[in-house]
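Q: I'm new to this structure and would like a close look at one part of it. Could you take me through the core and its aromatic rings, and then show me what else is worth a glance around it?

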Amino acid sequence: MQMKRNALTLLLLCLTLAIRAIDHEPYNQSRIFWDTSTRTTVFNSGGYSRMIQLQDGRLMAVTESGGIQITFSSNGGTTWDSPTKIVNNPSGISECVPDLIQLSDGTIIVAYNPRPHSPYSEERKFGIRCKRSTDNGKTWSQEIFVNDASHIYNDGCWEPSMLELPSGELQLYFADEGPYTYNNDQRISLCRSTDGGLTWSTPENISYRQGYRDGMPVPVLLHDGKTICVAIEDNGWSGFGSFIPTTVRCSLSRNWKRYTVGGGSADRDKMINYDYCPVALGGAPYLRVLPWGETVMSHQSTYGAGENQMWIYMGNEEARDFRDMSSPFDLGSSESCLWNSVAVIDTGVVVAVAGRSGHVEMVKGYPVRRLQAAYGSPKVDGTLSVREGYYKANASQMILGTVNGVRFTADFAYDRDSLYFITRVSDRTQLALGGYVGDGVTLYLDLDNSCSLAPLDGMYRLFFRLDGTNQFWAGNTSAHNYRAATLEGINQKVSTSRNYYTIEAAIPWATLGIDFPPVGKIMRANVEMQDRRTTSDNEVYKEMLPDGDRNQSWTWMEFVLEESEQLGISSPQTVAAVPDFDVVRQGNALTIQSPAAMTKAVVCAADGRQLATYQNLGRSFTRGIAYSGMSVVKVTFAGGATASRKIIL
């Protein structure tokens, strides 16, 4: 009998391990949702464009176009001023590949790269120059010398990019062939300025792989405030045979003093996690840091098309493990995006800037780490209303559609009885067919946050068809697959127009086996749209969450229900018997006041993103903030007590 018990125990242990073996570390980095409705022309002619947000809130962009041109936008990039040329092309020279930065004192600097034409002559050299503006871009200084290389194309210098350190030191990085007149090697060089770009040091070698061509540097200071990280293109990695995005890095304390990152250095890393992303060979990387620490990188590659496309990835706070590969522009195979860049504006909006067919375009993307459902009272009628209570007023918490050119949005709400799901699809070839071959949107739910490699109990796949019918599947732990399910009580409505359709559904909690809304519990969610364009063939175009897999919930996004006073659930961050505080927003100014001394205040967006941190505040302070929407302010008082307050900015 004891042997039978032992055998049974061993069998149960093996089964348990087999089930647990399909669990996976969750994918919790942000995904970028590109909103193609924000696609705008920045320059009607030009290429190699860069963009920043100025301290006064305006956007500023620069491009090469018969010299160096700049432009400004006062409405977040919706419209742009007529360009102003600040650098003209001298005879026999093209001024190229500009970069721009605004220093902490407000000075704006534009750096650029003189490139002589053939036939070459010794008095016309490849070099790096810059100009300064101390009046927000109205007027510009005379040209300032930074560096010269040879007058011959094969021994030139290229692609300046700048970084200001907390000390005030301004650094300018560039690709440099100047020292290698005897071969085809290239290094990354650094020049320093301690007077705001008026004068510059001689070049220092900070990155060099012998026999190869480190190029196109873009430096950032990581969120830890201790690490300088430079994105470069590197064609020396074994097994690739081409350029791939790479980082080289150095501690801020060392600051490249007598230090060069060689080919075998531990401070040289491939940026992209190729376990999750295809190998898209190509260079021209561009790197930026988001306000909460995650990093975003772009590069160009012919992957997936005959022409160079712009690919963008999300990375962690160390500028490693880049995933979430997405293309911000819906392009055909004959179109290209070249010499692109990204900007981070407001409180974390990513702007993709691309050179396309002789002009420059931009499109906005919204990084989201966690999906949320707000408490509301939607009327399930297939129409959008700002008062229904969805997480976003226009029900666009998720925005997809750059893969197949069909833009669609999705959002969530909930009440005591149901989870609400709404999706709007911009589709001019609507085919309302039965079965799993027509138009519709699938919602995937993992109610237990199982982060599995296969469908388990507690996972659901809900397909809402354009024809108003639906089909459901439930995860089956024993089979590690989905099985057809009958889910009672789901209310679904569809509305259509010539150019789009909307599907809205209420899914009762009881149908999902839940007695009460699981507020605060981490779940996971995913969406997938499918589009059938003709009845003459069986091709169905599909698009889902970037890096998502319909069967593997670890690839889905975290999903939570917001706290709700209507359900009697209050914020656990609120602490009783501590000093009160007031928050006032006027324009872009945020004022916090309290009768007690405040040592720290943290402002977070509703999805948990940290927007701003303020220290040593006293009893009242005012700071600028550009964010709009639901947020949480957490104040720490002298003595350690804390209090939080939800506000609408």
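A: Here is a walk through the core first, and then through some other spots in the chain.

Keep in mind that this is a predicted model. To get your bearings, the chain has 649 residues, and 56% of them count as buried. Its secondary structure comes to one helix and 42 strands. If you look at contacts with a separation of 6 or more, 56% of them are between residues 24 or more positions apart.

Now for the core. In soluble globular proteins, nonpolar side chains tend to be buried together. Here, the largest nonpolar core has 44 residues, and the members that touch the most others are Phe412, Leu443, Leu445, Leu462, Phe464 and Phe559. Three of those names come back when you follow the rings: Phe412, Phe464 and Phe559 are linked by ring pairs into a cluster that also takes in Phe421 and Phe472.

Leaving out residues up to four places away in sequence, Phe559 touches Leu371, Gln372 and Ala373, then Phe412, Leu419 and Leu445, and finally the run Lys521, Ile522, Met523, Arg524 and Ala525.

Stepping back to the rings, the structure holds 16 aromatic pairs. One of them joins Trp256 and Tyr259, and this pair is stacked, with 6.4 Å from centre to centre and 20° between the planes. Both Trp256 and Tyr259 are buried. Rings also turn up beside arginines: Arg533 lies over the face of Tyr541, at 3.8 Å from the ring centre, and Arg323 lies over the face of Tyr27, at 5.0 Å from the ring centre.

The pairing of β20 (residues 309-315) with β21 is antiparallel and runs over two bridges. In one spot you can check by eye, Ile312 has Ser326 of β21 as its bridge partner.

Most residues other than glycine have a negative phi, and most peptide bonds are trans. Against that background, look at the bond between Ser118 and Pro119: this peptide is cis, with omega about 5°. Pro119 sits in the loop between β7 (108-116) and β8 (127-133).

Trp339 has phi near 50° and belongs to strand β22 (residues 338-345). Asn449 also has phi near 50°, but its place is in the loop between β29 (440-446) and β30 (459-465). As for accessibility, Trp339 is partly exposed, with a relative accessible area of 39%, and Asn449 counts as partly exposed at 25%.

Key
Residues numbered from 1 in each chain as written. Predicted model: local features only at pLDDT ≥ 70, side-chain atom pairs only at ≥ 80, totals over all residues. Heavy atoms only, no water. Pairing = 2+ DSSP bridges. Helix = DSSP H or I, 4+ residues; strand = E, 2+ residues; numbered from the N terminus. Buried < 20%, exposed > 50% of the residue type's maximum accessible area, 1.4 Å probe, protein only. Phe/Tyr/Trp six-rings, centres within 6.5 Å; stacked < 30°, edge-to-face > 60°. Lys NZ or Arg CZ within 6 Å of the ring centre and 35° of its normal. Core = buried A, V, L, I, M, F, W, Y, C linked by side-chain atoms within 4.5 Å. Contact = heavy atoms within 4.5 Å.
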